[in-house]
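Good morning, colleagues. Please take a moment with the sequence and the coordinates before I go through the contacts and the local geometry.

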Amino acid sequence: MASGSGVVDLADVPSVDLMTELLRRMKCASKPDRRLIFIGPPGSGKGTQSPFFKDEYCLCNLATGDMLRAAVAAKTPLGLKAKEAMDKGKLVSDELVIGIIDEAMKRPSCQKGFILDGFPRTVTQAEKLDQMLEKRGTKIDKVLNFAIDDALLEERITGRLIHPSSGRTYHSKFAPPKVPGIDDVTGEPLVQRKDDTAAVLKSRLEAFHKQTEPVIDYYSKKGIVTNVHAEKPPKEVREEIEKAIK
């Protein structure tokens with residue numbers, strides 16, 4: 001239970017949860033620190049891979065979109081500033097996003113490192129991120145570039161189905177539910193995201209190539225980029241990533 005100050009009283013946490021967390025931390029103690037960036041166009045499989053590496057390497061998953069929404073909901077000082085920008089229809093400044101990442105890195109779950117997904121999107125953001133990490137005496141260890149042909153993405157994206165409340169994803173061709181259009185676990189209907197259409201994908205890909213490819217070049221010059229063959233089945237992609245970050 002969280003008290004008024006937002007601090008959890010451990011006496012109220014069930015023993016099984018405490019033991020599970022304790023065992024997790026003991027297992028994590030021997031893991032090497034890793035600070036990773038996953039870069040790739042929408043549908044390239046970043047979201048499929050990050051949960052595995054988050055658990056396996058005891059990293060925290062820093063998806064900047066989710067973090068911004070969480071900071072706004074929690075009404076943190078940075079969250080309030082972000083809300084102000086969003087309410088005016090403005091983009092949230094790089095400094096604010098870096099501040100939210102900086103804040104998140106103080107959490108115990110981020111002690112062994114992190115996976116950044118969806119950031120940095122521009123070279124300026126990459127430079128500012130490096131500066132912030134430098135102040136902490138750390139740096140990005142590896143950038144995984146999920147390389148895939150644009151034509152393959154259309155089929156992946158337009159067939160994607162989502163169970164809204166759990167976030168479970170299916171694909172009408174590659175990973176269909178047992179009953180078409182129905183979630184396997186709850187029996188509730190699946191939906192297609194509004195922006196999972198060929199037209200939206202085209203504009204998102206154009207923006208991705210224009211903005212993000214210079215970021216890949218930026219990190220390539222530092223010698224820390226590994227290209228992952230993202231068109232392969234998830235298991236093979238996972239093996240490629242594991243080899244790259246060992």
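E239 is partly exposed, at a relative accessible area of 38%; here buried means under 20% relative accessible area, exposed over 50%, and partly exposed in between, with a 1.4 Å probe and protein chains only. This is a predicted model, in which local features need pLDDT of at least 70 and side-chain atom pairs count only at pLDDT 80 or more, while totals for chains, interfaces and linings use all residues. Residues are numbered from 1 along each chain as its sequence is written, and side-chain values use heavy atoms, with hydrogens and water left out.

The partner of E239 is K235, and the closest N and O atoms of this salt bridge are 2.9 Å apart. By salt bridge I mean a side-chain nitrogen of Lys or Arg within 4 Å of a carboxyl oxygen of Asp or Glu. Both residues belong to helix α9 (residues 234-245), where they are four residues apart, about one turn of the helix. Helices (H or I, at least four residues) and strands (E, at least two) are DSSP runs, numbered from the N terminus. K235 itself is exposed, its relative accessible area being 58%.

How many salt bridges does this rule give? The count comes to 17. Which parts of the chain does the pair of D33 and K112 tie together? The two side chains meet in a salt bridge at 3.5 Å, N to O. D33 lies in the loop between α1 and β1 (34-39) and K112 in the loop between α5 and β3 (113-117), so the bridge ties together parts that are 79 residues apart in sequence. D33 is partly exposed at 35% relative accessible area, whereas K112 counts as buried at 16%.

A further salt bridge joins the side chains of E95 and K128, at 2.9 Å, N to O. Because E95 is in helix α5 and K128 is in helix α6, this pair ties together parts that are 33 residues apart in sequence. K128 counts as partly exposed, with 24% relative accessibility.

I turn now to the packing of these helices. Two packed helices are described by the angle between their axes and the distance between the axes. The axes of α5 (residues 94-104) and α6 (residues 123-135) come within 10 Å and cross at roughly 40 degrees. That makes α5 oblique to α6. Axes are lines fitted to C-alpha atoms, for helices over the stretch in contact, and angles run from 0 to 180 degrees between N-to-C directions. Angles under 35 degrees count as roughly parallel, over 145 as roughly antiparallel, 65 to 115 as roughly perpendicular and the rest as oblique.

Next, the backbone. Where do we find C58, whose phi is near 60 degrees, a positive value in a residue other than glycine? C58 is placed in the loop between α2 and β2 (60-63), and counts as buried at 3% relative accessibility. K75, also not a glycine, has a positive phi of about 55 degrees. K75 sits in the loop between α3 (64-73) and α4 (77-87) and is exposed, with a relative accessible area of 60%.

Finally, a contact across the sequence. G47 and P234 are 187 residues apart in sequence, yet 11 Å apart in space, C-alpha to C-alpha. G47 is located in helix α2 (residues 46-56) and is exposed at 54% relative accessible area.
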